[in-house]
Amino acid sequence: MSYGPLPIPIVVFRLVNETFRGLLQSDFRRVRQASQAMCRPLSDEAYRLQPIEDVSPPWWNLGHTSWFFARNVLQPFGCEWNETDRDLEYVLNSYYVSLGTRIRRDRRGLVTRPTTKEIYHYRESVDERIERLLQQIAPSRWAEFESVMRIGLNHEQQHQELFYTEIKFILFCDPPRLRQPYRKCDNRLVASAPAAQEWIDLPGGLHEFGHREEGWCWDNELPVHRFFLNDFALAKRLVTCREYLEFIEDGGYQRPLVWLDNGWKAVEQESWQSPLYWENLDGEWHIWTLDGLRPLCPDEPICHVSFYEADAFARWKSENDSACRGARLPTEREWEHAARHVAGTTRANFLDTGALHPRPAADEAGLAQMRGDAWEWTSSYYEAYPGYRPFAGALAEYNGKFMDNQRVLRGGSCVSERNHIRTSYRNFWSPTTRFQFTGLRLAIDR
């Protein structure tokens, strides 16, 4: 029996629905393939190593991001939870206490099973089941499905950035004469940072903060709220290696009065004398990069410094440079306001440039390097915005429970995906963290 053509609204609904399915499928394949592509240069041994607790081995990242889709998408939407899923859950769960027991974080590099080959097979299994589910999901559950899929994709992009920072540390831990670079990178210096630091003034007042643009965002970027700022100024560019060398040569790591107490304790306990990956060879500074060891470029931004090092440098700069009296780290809302209103227009140095390392700033109007190059430490503690509501269910553990003793970073880095970072994006790490691409920009009161 023929019922004739479908009514126009139903035809339009089906076309739109299929378009959304196609876009989501394309994004899923692109993100999942990117994780495997970044692992191709690795030796078999590099997949398994975990030098410190914060640095997970690559095999675990490949497996954990797959487990995330299995546990938070496949199982809730009624797909078969098979024996492999059950076997791997203990070792691939990260910090989701509500989802059951899990291996200790510092033991991820101490197990021989699952093998790397088994992890790749698991990824294939999860991908096949996700793609089947994507084609079968009922229209009534599409919004819920797409929302959790977007969380999973953005979660995997976070782990892709982690991969570059972790493999850099893993390879650095080899004996110096035996170290091998990750891969050849595009190390062309496309600019030379202006020698003198400039200040960009911004008026204070009552402004809106949070995710104001269209599109998806993390729960910690909401809700949009108002906050009053005093007049302030931000440095035009990131602090350079040349400027940080002055801090080192002036005994910055031997001057307790410029350090916060916990920062000074870290200096003593960890024997910090320079940023991570810096090595002084025969009186010349060199730096370990994903492209191997090379001479330090004075004009490139300082990176791989902790919050405490960034804060100490700001205090030292305030005391020793008359043009920087009162220098400090910006608050995260000062940074966000400036990024929305006076950020420069030069192409940002994200993952797609192929540099895998910060580059010198371009001499341009407005604020340079507000996106890409190095994450910028702010003075702000990581805390909830007024009226904050976490994701529902187990995903409530994703961000909210870490709002304790962390500092906020803004802007993205040279190993961030360009389409992953937005003005309202809030990164956060312990103030002693150095293996991330972390740098700083100065602020002053006006």
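Trainee: How many cavities of 30 Å³ or more are there?
Mentor: Keep in mind that this is a predicted model. A cavity here is a space where a 1.4 Å probe fits but cannot get out. With the cut-off at 30 Å³ or more, the count is three cavities.

Trainee: What is the volume of the largest cavity, and which helices each supply at least two residues of its lining?
Mentor: The volume of the largest cavity is about 80 Å³. Among the residues that line it are S35, M38, N61, L62, H159 and F163. By class, the lining has five nonpolar, five polar and one charged residues. The helices that each supply at least two of the lining residues are α2 and α5.

Trainee: Now the open spaces. What is the volume of the largest pocket, and which residues are the closest to its centre?
Mentor: The largest pocket has a volume of about 790 Å³. Its lining is made of 32 residues, and the closest to the centre are Y95, R105, L162, F428 and W429.

Trainee: Which element gives the largest share of that lining?
Mentor: The elements giving two or more residues to the lining of the largest pocket are α2 (58–74), α5 (142–172) and β10 (427–429). The largest share is six residues, and these come from α5.

Trainee: How do the residues lining the largest pocket divide into nonpolar, polar and charged?
Mentor: Gly counts among the polar residues in this scheme. For the lining of the largest pocket, the division is eleven nonpolar, 15 polar and six charged.

Trainee: And the second largest pocket: what is its volume, and which element gives the most to its lining?
Mentor: The second largest pocket has a volume of about 380 Å³. It has 19 lining residues, with V148, I151, F391, A392 and L395 nearest its centre. The elements that give two or more residues to this lining are α2 and α5. The one that gives the most, with four residues, is α5.

Trainee: Is F145 buried or exposed?
Mentor: F145 is found in helix α5. Its contacts, leaving out residues up to four places away in sequence, are L24, V73, F77, L133, L134 and I137. One of these, L134, is eleven residues away in sequence and 8.5 Å away in space, C-alpha to C-alpha. Because its relative accessibility is 0%, and the cut-off is under 20%, F145 counts as buried.

Trainee: How far apart are the end C-alpha atoms of α2?
Mentor: α2 is mostly covered, with 17 of its 17 residues buried. At 1.5 Å a residue, those 17 residues should span 24 Å. The end C-alpha atoms agree with that, being apart by 23 Å.

Trainee: What share of the contacts with a separation of 6 or more joins residues 24 or more positions apart?
Mentor: Of the 446 residues of the chain, 57% count as buried. For contacts with a separation of 6 or more, the share from residues 24 or more positions apart is 78%.

Definitions and conventions:
Residues are numbered from 1 along each chain as its sequence is written. This is a predicted model: local features need pLDDT of at least 70, side-chain atom pairs count only at pLDDT 80 or more; totals for chains, interfaces and linings use all residues. Side-chain values use heavy atoms; hydrogens and water are left out. On a 1 Å grid over the protein atoms alone, a cavity is a set of points where a 1.4 Å probe fits but cannot get out, and a pocket is an open set with protein on both sides within 12 Å along at least five of seven lines; lining residues have an atom within 4 Å of a point. Grid points are joined across faces, edges and corners, and a volume is the space filled by probe spheres set on the points. The expected span of a helix is 1.5 Å times one less than its number of residues. Buried means under 20% relative accessible area, exposed over 50%, partly exposed in between (1.4 Å probe, protein chains only). Contact means heavy atoms within 4.5 Å.
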